[in-house]
Amino acid sequence: MAERHIAIIGAGAWGIALACAEGLAGRRVTLWMRSPVAGTVRSLPRLPQISLPDNVSVTGTFPLDADLTLLTVPLQTLRSVAARLPGTSPLVACCKGVENVTGALPLDILAETQPHRSHAMLSGPNFAIEIAGGLPAAATLAAARLDDARRYAALLSTPTLRLYASDDPLGVQIAGAAKNVVAIAAGIAIGAGLGENARAALITRSIVEIGRLTEALGGKAATIAGLSGLGDLILTCTGAGSRNYSLGIALGQGETLDTILRSRTTVAEGVATAPALLALARRHGVDMPVTNVVARFLDGGIDLARARELLLERPPTVE
Ligand SMILES: NC(=O)C1=CN([C@@H]2O[C@H](COP(=O)(O)OP(=O)(O)OC[C@H]3O[C@@H](n4cnc5c(N)ncnc54)[C@H](O)[C@@H]3O)[C@@H](O)[C@H]2O)C=CC1
Ligand SMILES: O=C(CO)COP(=O)(O)O
């Protein structure tokens, strides 16, 4: 079989990690970054401890001839980057979130900016540093047509990164966006000293609200039990490496959002996604209590004491 060429757009932690995984699996990889690079670059600022495999080239020019193009820029910048992409290869969104201004999901943005190309979504419980280090992991590759999802999953799977195909891109996108918001809630619970029981309750109840929104938008609630839903909730709501969870912990300990954001250079997608996800749910008449508390707390509408009450004091209904 001819050598496969994978283009990766965005050289943050996730782009670097996927470049390592694909490069080590023997594929030719072109990793695009917005700041021009000179000469042969083997390590990049977001994961400085990682050395890129030889078959990964880093460039400031958009690649033209890839078999598949992965988009690994932060969700809020996806539209501006996708609109400039040349070529015809299928596009795989690897970013998680809801666009703040428009309420668009990743594949809505690709449909608007690149209407003539095929689109898919990759999402799952995957900390970049572990993927870059070749540790075993799994994720979901979803496309509207299962045949496409299978093809792209086969093209991208590696001996250590197992990709499962899905024909529910909507559910996978909602799950990937919502888990970052829930991770902030889980962090707040732990940071505020509410305990691990409280966190487990939050994670479990969030599955219900994410499933409700997914169904209301035409997706499958069962997707939320998979890698992009439950899998990523477990990782992000308990893993110390999560930026959303650690941001929540700092908030729960009383730090202000401004101070936390000023001390960081990496993206915590849940911050911009929380209000957009809540607005999306409201437009569809879906109640999302966990998302509601996170969005209101982040915008200063409620204080920590009220957030704690709201997270834990809803009258129990029927499970
Ligand atoms: N880091 C992780 O473990 C994982 C991240 N993701 C998702 O991948 C997406 C990217 O996250 P990370 O790579 O971790 O972020 P990061 O914070 O490490 O890096 C973001 C990168 O995007 C670049 N960037 C920012 N604005 C840009 C623009 N307008 N045009 C071009 N490039 C721009 C930055 O220079 C930086 O290199 C997010 O949606 C995140 O949720 C998904 C799975 C795992
Ligand atoms: O999406 C991720 C793991 O699947 C990364 O989570 P954070 O963005 O919270 O670090």
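**View 1. Helix H6 crosses helix H11 at about 110° in this predicted model.** Here you can follow H6, residues 169-191, as it packs with H11, residues 270-283, the two axes being 9 Å apart. Since angles of 65 to 115 degrees count as roughly perpendicular, the pair falls in that class, so H6 is roughly perpendicular to H11.

**View 2. A closer look at the residues where H6 meets H11.** On the H6 side, look for Ala177, Ala178, Asn180, Val181, Ala183 and Ile184. Their partners in H11 are Gly270, Thr273, Ala274 and Leu277.

**View 3. The protein is assigned two domains, domain 1 and domain 2.** According to the domain assignment, domain 1 covers 5-167 and domain 2 covers 170-312. If you take their centres over C-alpha atoms, 24 Å separate them. The contact draws 25 residues from domain 1 and 26 residues from domain 2.

**View 4. The side of domain 1 that touches domain 2 is supplied by helices and strands, among them H2 and S7.** Two helices to find here are H2 (75-82) and H3 (106-113), each giving at least two residues to this side. Strands S6 (119-123), S7 (137-142) and S8 (161-166) likewise supply at least two residues each. Which element gives the largest share? That is S7, with 4 residues.

How values were computed. Residues numbered from 1 in each chain as written. Chains lettered and ligands numbered in written order. Predicted model: local features only at pLDDT ≥ 70, side-chain atom pairs only at ≥ 80, totals over all residues. Axes fitted to C-alpha atoms, helices over the stretch in contact; angles between N-to-C directions. Parallel < 35°, antiparallel > 145°, perpendicular 65-115°, else oblique. Contact = placed C-beta atoms within 7 Å. Domains from an automatic or database assignment.
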